[in-house]
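Q: Hi! Could you walk me through this one before I set anything up?

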Amino acid sequence: MTKTMTKREIDALIAQKVFGCSSRYERRQDRSGGWHDDAWCECPGWERGLGHMSGSNYDRYVTGDGIEVPYYSSDIGESWSIVEKLRDLGWFIDISLNCGPYVTDAVSVNVWKEGPMSHSYSSMGEDTPLTICQAVLQI
């Protein structure tokens, strides 16, 4: 990633890459001049609660404009759904809190898949949900 991405851009990419969602990201300016980042699910059947957004999460994200992509990079519960999905796909995930008298609190996330062509990806940061997303987007 060469440019700095907003958290909602990251959420849209996670929805695509991990959950196979057809999502769209948009940044818009409101009447007062403030900027808003939105990420929308555009999967077939979303309006009927089908696809990756079915179940208990569906009602949480439906708005008048459609269905929002979950806040994977901001919400630990939503980022944990990434961990569960990758585990179901055969990936291993190690999340560690590095803290101590000489270390600033930091989370390290390592994601790997074993096999003849094993791969390992990692990220470190202070924000656990965001660090999970950053590691996973390297896959």
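Q: Good to know. What does the accessible surface of the chain come to?
A: About 8200 Å², and carbon and sulfur atoms account for 51% of that.

Q: And how much of the chain is buried?
A: Of the 139 residues in the chain, 37% are buried.

Q: Where is confidence lowest, and where is it highest?
A: Helix α2 (residues 57-61) has the lowest confidence, with a mean of 59, while helix α4 (residues 128-136) has the highest, at 97. The chain averages a pLDDT of 83, and 80% of the residues score at least 70. Where pLDDT is low, the predicted coordinates should not be read in detail.

Q: Noted. How many helices and strands are there?
A: The chain has four helices and seven strands. Read along the sequence, their pattern is α-β-β-α-β-β-α-β-β-β-α.

Q: Switching to rings: how many aromatic pairs are there?
A: The count is three aromatic pairs. One of them is F19 with Y72: the ring centres are 5.3 Å apart and the planes are at 10 degrees, so this pair is stacked.

Q: Where do F19 and Y72 sit in the chain?
A: F19 is in the loop between α1 (7-17) and β1 (23-29), and Y72 is in the loop between β4 (66-68) and α3 (76-88). The pair links distant parts of the chain, 53 residues apart.

Q: Is F19 buried or exposed?
A: F19 counts as buried because its relative accessibility is 19%, and the cut-off for buried is under 20%. Y72 is buried too, with a relative accessible area of 2%.

Q: What about F92 and W112?
A: Those two are stacked as well, because their ring centres are 5.6 Å apart and their planes are at 15 degrees. F92 belongs to strand β5 (residues 92-100) and W112 to strand β6 (residues 103-113), so the pair ties together parts 20 residues apart in sequence. F92 is partly exposed at 38% relative accessible area, and W112 is partly exposed at 27%.

Q: Which residue lies over the face of Y71?
A: That would be R8, at 3.8 Å from the ring centre.

Conventions
Residues numbered from 1 in each chain as written. Predicted model: local features only at pLDDT ≥ 70, side-chain atom pairs only at ≥ 80, totals over all residues. Heavy atoms only, no water. Phe/Tyr/Trp six-rings, centres within 6.5 Å; stacked < 30°, edge-to-face > 60°. Helix = DSSP H or I, 4+ residues; strand = E, 2+ residues; numbered from the N terminus. Buried < 20%, exposed > 50% of the residue type's maximum accessible area, 1.4 Å probe, protein only. Lys NZ or Arg CZ within 6 Å of the ring centre and 35° of its normal. pLDDT = per-residue confidence, 0-100. Areas by Shrake-Rupley, 256 points an atom, 1.4 Å probe, with all protein chains shown as cover.
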